[in-house]
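Please look over this model with me. My notes follow the sequence and structure.

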Amino acid sequence: MIDFRPFYQQIATTSLSAWLETLPLQLKQWKKQAHGDYAKWAKIVSFLPDYSAEIDLREKVEAKLASPLSEGETQHLVYHLKQLMPWRKGPYHLYGVHIDCEWRSDFKWDRVLPHLSPLKDRTILDVGCGSGYHMWRMVGEGAKMVVGIDPTELFLCQFEAVRKLLNNDRRANLIPLGIEQMQPLHAFDTVFSMGVLYHRKSPLDHLSQLKNQLVKGGELVLETLVIDGGVNDVLVPADRYAKMKNVYFIPSVAALINWLEKVGFKNVRCVDEAVTTLEEQRKTDWLENESLIDFLDPNNHSKTIEGYPAPKRAVIIANNP
Ligand SMILES: C[S@@+](CC[C@H](N)C(=O)[O-])C[C@H]1O[C@@H](n2cnc3c(N)ncnc32)[C@H](O)[C@@H]1O
């Protein structure tokens, strides 16, 4: 089972120490209700080898040894990692094994990184971090500490698997809760929320919850689905959007900026807009599920299969005054 005590020790003497008032009890409760397969997934992590590797987190997420693994060792690694499928966010390059995830999360990182205040020495929260790909890239940029929060247990186990294979690096940690369960800490220099807002039933509450985690002057990095349109244009899909059941609000960039200003953010600016391509989200050997090609109208890729505008994403940066 995954042990959170090293994280508690790590934060005890930092600006995150107030979290110890609620977190250990919440995680105790969480363990009791965790996904039925959590114990199995956590066991797979424990089967992974402890190598001492050369790590690159700046250009990609890679671990390698001076001499490559044998055929048998590679098969052993692939066998265990494939039991943690589907791998959605990546890619990871671990000892010659290329975990070619559904998403090229490096594409998103390349769109976001040029616009950020330097991450060096910052304490960072990544809300909805998935398997943690972007957290490792934040560590690669010199962050002091990165905390991810994501309630999906499989992603926690994927994160712990990658962490183990990255020399058990503790500069990043994943807490398996939802953002709404976090007490307001006002302690993070940068808060990321990427790919989460449209999954939230109450988007303004989500924005306030993000604000509550930032220090004064801290930076929010918000990445989400958007539509074209003006300040009052918001798509609320009738049923599914791109086959997803849990998509609630897709605003225009102008509407999103208005929401952020309404909850008190300042200096709100959109730094990037990009239509999601079939190179960025696609089927690979590391997932059995459908992918973007199956979510689009086969005769018109500018529409989803339901007839909505195809996925387009924006990156918004804002400050907590
Ligand atoms: C589309 S993925 C985005 C992953 C990653 N941030 C990225 O941009 O590639 C959305 C993630 O949000 C997580 N999530 C869903 N509800 C959440 C909540 N209430 N608080 C935090 N994360 C949540 C999901 O488990 C999932 O990993």
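1. Ground rules. This is a predicted model: local features need pLDDT of at least 70, side-chain atom pairs count only at pLDDT 80 or more, and totals for chains, interfaces and linings use all residues. Residues are numbered from 1 along each chain as its sequence is written, and side-chain values use heavy atoms, leaving out hydrogens and water.

2. The sheet. Seven strands form an open sheet with mixed pairing, in the order β9-β8-β7-β10-β11-β17-β14. β9 (172–175) and β14 (266–275) are at the edges with a single partner strand each, so one side of each has no neighbour in the sheet. On average, neighbouring strands are turned by 15 degrees against each other, direction ignored. Strands are DSSP runs of E, at least two residues; helices are runs of H or I, at least four; both are numbered from the N terminus. Strands pair if DSSP finds at least two bridges between them.

3. One pair. β10 (188–194) and β11 (214–225) pair in the parallel sense over six bridges. Phe 192 has Val 221 in β11 as its bridge partner.

4. Two helices. α3 (38–47) and α7 (153–165) pack at about 5 degrees, with axes 9 Å apart. Axes are lines fitted to C-alpha atoms, for helices over the stretch in contact, and angles run from 0 to 180 degrees between N-to-C directions. That makes α3 roughly parallel to α7 (angles under 35 degrees count as roughly parallel). Residues in the contact (heavy atoms within 4.5 Å) include Trp 41 of α3 and Leu 156 of α7.

How values were computed
Parallel < 35°, antiparallel > 145°, perpendicular 65-115°, else oblique.
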